[in-house]
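Here are some notes for a colleague who is opening this structure for the first time. Please read them with the sequence and the 3D view side by side.

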Amino acid sequence: MTKALGMKLEDMTMLFQEGLQSMRMNNYPPCPQPKLVMGLRPHSDAAGLTVVLQGNEVEGLQIKKAGAWVPVVPLPNAFIVNVGDILEIVTNGIYKSVEHRATVNLHSERLSIATFFSPKLDGDMGPAPSLITPRKSGNFQKN
Ligand SMILES: O=C(O)CCC(=O)C(=O)O
Ligand SMILES: [Fe+2]
């Protein structure tokens with residue numbers, strides 16, 4: 001990723017080398033009124049990267065693309081990798097954090113496992129210094 005972006009490796013390892021990994025297992029039971037219920041509300045993940053396994057290959061995950069909700073069709077033995085808010089900030093907005101949600105199904109239970117890879121908890125975080133040039137300023141501010 002750093003090579004593709006022309007970013008210094010240290011700008012990434014500084015944050016993620018001692019990063020945190022957490023996991024959420026989601027179970028969406030069948031729902032008699034799936035049009036009236038949302039499994040997981042629209043959100044973006046606060047992490048750097050999220051890896052999702054759609055456990056039992058039941059459809060439900062959707063991403064927002066050009067203003068429309070697009071289903072992410074489960075593929076056997078495939079993971080979904082989502083960019084989270086922190087990576088959007090570190091890459092100075094080059095990679096965008098994706099808004100997504102999970103719907104429920106009338107007859108099928110759905111299972112998913114999401115693994116969140118986040119930076120270390122202490123220290124400064126902001127756009128990678130190596131991505132800021134006189135022609136390209138930082139899109140996010142450190143507080
Ligand atoms: O159930 C899914 O496919 C998505 C899960 C998710 O977005 C999350 O746990 O943050
Ligand atoms: Fe999520």
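**Notes on the model**

1. Ligand 1. A polar side-chain atom of Arg 110 lies 2.8 Å from an oxygen atom of ligand 1. For Ser 112 the corresponding distance to an oxygen atom of ligand 1 is 2.7 Å, and for a polar side-chain atom of Asn 26 it is 3.2 Å. Of the 14 residues around ligand 1, those that come nearest are Arg 24, Tyr 28, His 100, Arg 110 and Ser 112; a residue is near a molecule if one of its heavy atoms lies within 4 Å of it.

2. Basis. This is a predicted model, in which local features need pLDDT of at least 70 and side-chain atom pairs count only at pLDDT 80 or more, while totals for chains, interfaces and linings use all residues. Residues are numbered from 1 along each chain as its sequence is written, chains are lettered from A and ligands numbered from 1 in the order in which they are written, and side-chain values use heavy atoms, with hydrogens and water left out.

3. Iron site. The iron ion (ligand 2) has His 43 (NE2), Asp 45 (OD) and His 100 (NE2) as its protein donors, at 2.1 to 2.2 Å. Donors are N, O and S atoms within 2.8 Å of the metal (3.2 Å for Na, K and Ca); water is not among the atoms, so sites may look incomplete. The spacing of the donor residues in sequence is H-x1-D-x54-H. Both His 43 and Asp 45 are buried (under 20% relative accessible area, with a 1.4 Å probe and protein chains only).

4. Arg 101. This residue belongs to strand β7 (residues 100–103); strands are DSSP runs of E, at least two residues, and helices are runs of H or I, at least four, numbered from the N terminus. Arg 101 counts as buried because its relative accessibility is 17%. Its side chain makes a polar contact of 2.7 Å with that of Gln 62 (a pair of N or O atoms within 3.5 Å; within protein, one must be able to donate a hydrogen and the other to accept it, and residues adjacent in sequence count only if both atoms are side-chain atoms).

5. Helix α2. Asp 11, Met 12, Leu 15 and Phe 16 are the buried residues of α2. Seen down the helix axis, they fall within an arc of 105°, so they line one face of α2; the arc is that of the directions from the axis to the C-beta atoms. These buried residues pack against α1 (2–5), α3 and β8 (110–118), contact meaning heavy atoms within 4.5 Å.

Conventions:
Buried < 20%, exposed > 50% of the residue type's maximum accessible area, 1.4 Å probe, protein only.
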